[in-house]
Amino acid sequence: MLLRIQQALQPDELAQVRQLILTADWADGRITAGSQSGAVKNNLQLPEELPAAQQARHIVSVALARNPMFVTGALPKSVYPPLFNRYGGEANNFGNHIDNAVRTHAATARHVRTDISCTLFLSDPASYDGGELVVQDTYGEQRIKFEAGDLVMYPGMSVHRVEPVTRGERLACFFWIESMVRSDDQRRLLYEMDMAITALRQKDLERAPVGGPESPEVVRLTGCYHNLLRMWAEV
Ligand code: NI
């Protein structure tokens, strides 16, 4: 499932993150690459121990934790602390690869299985050419270039690349999620069901005063959602 979350960062948070990372010392992006992806990776990355990276990561993490779309789409069990990358000039692309299946966070030795890959766009798309995130899925290639502040989630098992940036620069935040529900198909079903229940609940609210009882159908469907989650979740 490919999912767009618009304004995952509010404009003030986006501005803060950009300000923090733009002036920091960047390093070669291969610092976190595996041997296969390292061969095709040509970008810059912010070393995660830098104070600027820590502060920017905190802003992103707080914003995501309060975002209901993020939570329902990912059902996160564990999130790899967000990283930041930069494409432009000589270091401007990342060829086709699949992200490593398990990331180990160096500072905590914590393992995160990469069920979901995330990119949070931090540059105005009009400010650079190229830089599309291209994700291969069963429908073919998806070319993704979102507004600054928007986030895309896609299955960690997808082959993907970042096209060369030929003008300007592309800043992004990226990270991985281990989900409580490992299977992308099961997660998608739960997401669809959750969205449908939310819409039905909204209709109930339009018919009845706030605080009134929900319809029996909504109660039963919500029960089905939780019972499916109970069946599939690993916590
Ligand atoms: Ni990748």
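Biologist: Q7 is partly exposed, with a relative accessible area of 44%. Where is Q7 found?

Modeller: Please bear in mind that this is a predicted model. Q7 is found in the loop between β1 (3-5) and α1 (11-22). Partly exposed is the class between buried, under 20%, and exposed, over 50%, and the 44% of Q7 therefore places it there.

Biologist: What is the phi of Q7?

Modeller: The general idea comes first. Most residues other than glycine have a negative phi. In this structure, Q7 has a positive phi of about 50°, although it is not a glycine. L75 is a further case: its phi is near 45°, again a positive value in a residue other than glycine.

Biologist: Where is L75 placed, and is L75 buried or exposed?

Modeller: L75 sits in the loop between α4 (68-74) and β5 (76-79). Its relative accessible area is 6%, so L75 counts as buried.

Biologist: Which protein donors does the nickel ion have?

Modeller: They are H97 through NE2, D99 through OD and H160 through NE2, lying 2.1 Å from the ion. Along the sequence, these donor residues follow the spacing H-x1-D-x60-H.

Biologist: Which residues does D115 touch?

Modeller: Leaving aside residues up to four places away in sequence, D115 touches Y154, P155, G156, I177, E178, S179, R182 and R187. D115 lies in the loop between β9 (110-113) and β10 (116-121). With a relative accessible area of 10%, D115 is buried.

Biologist: At what angle do the axes of α5 and α6 cross?

Modeller: Two packed helices are described by the angle between their axes and the distance between the axes. Here the axes of α5 (residues 184-207) and α6 (residues 216-232) come within 10 Å and cross at roughly 160°. Angles over 145 degrees count as roughly antiparallel, and α5 and α6 are therefore roughly antiparallel to each other. Their crossing is left-handed.

Biologist: Which residues of α5 and α6 meet?

Modeller: From α5 come Q186, L189, L190, M193, D194, I197, L200, R201 and D204. They meet V218, L221, T222, C224, Y225, L228, L229 and W232 in α6. By class, this contact has 12 nonpolar, two polar and three charged residues.

How values were computed. Residues are numbered from 1 along each chain as its sequence is written. This is a predicted model: local features need pLDDT of at least 70, side-chain atom pairs count only at pLDDT 80 or more; totals for chains, interfaces and linings use all residues. Side-chain values use heavy atoms; hydrogens and water are left out. Axes are lines fitted to C-alpha atoms, for helices over the stretch in contact, and angles run from 0 to 180 degrees between N-to-C directions. Helices (H or I, at least four residues) and strands (E, at least two) are DSSP runs, numbered from the N terminus. Angles under 35 degrees count as roughly parallel, over 145 as roughly antiparallel, 65 to 115 as roughly perpendicular and the rest as oblique. A crossing is left-handed if the near helix is turned anticlockwise from the far one by less than a right angle, and right-handed if clockwise. Contact means heavy atoms within 4.5 Å. Ala, Val, Leu, Ile, Met, Phe, Trp, Tyr, Cys and Pro count as nonpolar, Asp, Glu, Lys and Arg as charged, and the others, Gly among them, as polar. Donors are N, O and S atoms within 2.8 Å of the metal (3.2 Å for Na, K and Ca); water is not among the atoms, so sites may look incomplete. Buried means under 20% relative accessible area, exposed over 50%, partly exposed in between (1.4 Å probe, protein chains only).
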